[in-house]
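Hello,

Here is the structure for you to take over. My notes on what was found in it follow below.

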Amino acid sequence: MSIEPLDLDASPKAYVALHDALDEPAADAALTERELEVRAVARNVVSREVAPRAAGLDEAEDFAHDSVQALASAGLMGLVFPERLGGTDDTNVAYAVAMEEITAGCAATSLVFMTQMHAAYPILIAGSDQLAERYVPGLVGGSTYGSLGITEPQAGSDVASLRTTARPTGDGYLLNGSKTFITTGDRAGVIICFATTDRSLGRRGITAFVVDGSWEGVTHGRPFAKLGMHGSSTAELFFDGVWIPADHLLGDEGGGWQVVMSSVVKSRISAAAQGVGLARAAYARTLAFLTRQHGARLPDEQTFVLAELRGRILQGRLLLHAVARQVDSSTDIPTGQIGMMKQACTDLGFSTAVAATRLLGPYGDLAVLGVERCLRDAKVTQIYDGTNEIQRLLIGRETTRAMGELS
Ligand SMILES: Cc1cc2nc3c(=O)[nH]c(=O)nc-3n(C[C@H](O)[C@H](O)[C@H](O)COP(=O)(O)OP(=O)(O)OC[C@H]3O[C@@H](n4cnc5c(N)ncnc54)[C@H](O)[C@@H]3O)c2cc1C
């Protein structure tokens, strides 16, 4: 018995029609006209250029180059960057909406897409005008790939214990060490690298640099084989006596922690939007298959589960938009707000994919329906950008601190 692909995989028109039908007025009511326009542009390009490639990239473990280039050509990669650097000066809500759309079509493509932003953003907030003009347009235009290099074999959750060193020389720094689990690390032309200028200072010694991937002494490992997100690459980076000119410093020497903290606000919006996008993808695929099998009147037990999932996805989307809106209007967002968004939305992505797989029974296991891909892709969103255990720790500490201040 062969299972036919879903209509949404067979035609961009069917893809758009189904996702249009799943829009929720309660969430849309708070979006501006421009944010709705960004969603329409993203949905359109995803339906034609991104979603149709997703299963093939996953199966062949091919890098999502063509999909990412299509998003850049549609003007989506510079959403939160100023026009002078090739961006469109849009809101973080517009970015979250676009990320949800891209993820719903191909999560691996969304991982490469968001990493371009994660590499460009520290340059925007902490680099000189010259650095920004030199590196940001290539990242948001898609002509250069970027990576954000924080994690090391002994330092991920505990960033302050990183061991890569940047030793000051007369007119620059000598960089030695390695990074691991770096998205797009195997092809990065621009690397935002965090290193310590003085390990005895802990987090006060962490310093951020722009490292050109073509410089002598920069090498990378082979991309890791992974559970999901096969259309993205994850690799080690090695720095062997790399000379960094002083003008490639981001912020002050010892000011890298502040750059990390400002950057994770954005990267956690990305991960949270992936969670909502993956939940939507798993839900849409399940709904499409079950209604193909049973028609519009599904057995009650399936209707109950679908209703529950729909409500939870709406809640996740509302939380995502609310926190992104807060980030648009203030630079001082309590850690717990960001943490609750990241943890709740990425847990939503994984739990929805699990529930959808269960609802489909043996069909949930079939690659042709794409729900098993959602399940594999969703797992890592709970791990990167600060694991969900770390988010709970941050949320809990903020809560108990607030109670302590009351007493
Ligand atoms: C596909 C992929 C892409 C990635 N991309 C990037 C990238 O582009 N750039 C980058 O810098 N990094 C990247 N990472 C790394 C990722 O951000 C880290 O792996 C993650 O932050 C966890 O850090 P760690 O590896 O040190 O794990 P650990 O901190 O060793 O965590 C191991 C386990 O212990 C738990 N744990 C740790 N501390 C505590 C605690 N205090 N209380 C309770 N539980 C705790 C964690 O939640 C986790 O379950 C990527 C990882 C993956 C898998």
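**Core**

The largest nonpolar core holds 129 residues, and those with the most contacts inside it are Ile123, Leu175, Ile192, Phe194, Val211, Phe239 and Leu320. A nonpolar core here is a set of buried Ala, Val, Leu, Ile, Met, Phe, Trp, Tyr and Cys residues joined through side-chain atoms within 4.5 Å; buried means under 20% relative accessible area, exposed over 50%, and partly exposed in between, with a 1.4 Å probe and protein chains only. Helix H9 (residues 256-294) gives the most to this core, with 20 residues. Helices (H or I, at least four residues) and strands (E, at least two) are DSSP runs numbered from the N terminus.

This is a predicted model, in which local features need pLDDT of at least 70, side-chain atom pairs count only at pLDDT 80 or more, and totals for chains, interfaces and linings use all residues. Residues are numbered from 1 along each chain as its sequence is written, and side-chain values use heavy atoms, with hydrogens and water left out.

Leaving aside residues up to four places away in sequence, Ile192 touches Ala119, Pro122, Ile123, Ser147, Leu148, Gly149, Phe209, Val210 and Leu250 (contact: heavy atoms within 4.5 Å).

**Ligand**

The ligand is surrounded by 17 residues, the closest being Thr151, Ser157, Phe181, Thr387 and Glu389 (a residue counts if one of its heavy atoms lies within 4 Å).

- Leu148: a polar backbone atom is 2.7 Å from a nitrogen atom of the ligand.
- Ile150: a backbone N or O atom lies 2.9 Å from an oxygen atom of the ligand.
- Gly156: a polar backbone atom is 3.1 Å from an oxygen atom of the ligand.

Taken alone the ligand exposes 970 Å², of which the protein buries 64% (Shrake-Rupley areas, 1.4 Å probe). Strand S3 (172-183) and helix H13 (388-406) are the elements that give two or more residues to the shell around the ligand.

**Helices H5 and H6**

In helix H5 (residues 65-73), Ser67, Val68, Ala70, Leu71 and Ala72 are buried. The buried residues of H5 pack against helix H4 (33-60), H6, helix H7 (107-126) and helix H8 (129-141). Just after H5, Gly75 has a positive phi of about 80 degrees.

Asn92 lies in helix H6 (residues 92-105). Asn92 counts as buried because its relative accessibility is 5%. Beyond residues up to four places away in sequence, Asn92 touches Val80, Lys266, Ile269, Ala324, Val327 and Asp328.

Regards

Key
Polar contact = N/O pair within 3.5 Å; in protein donor to acceptor, adjacent residues only side chain to side chain.
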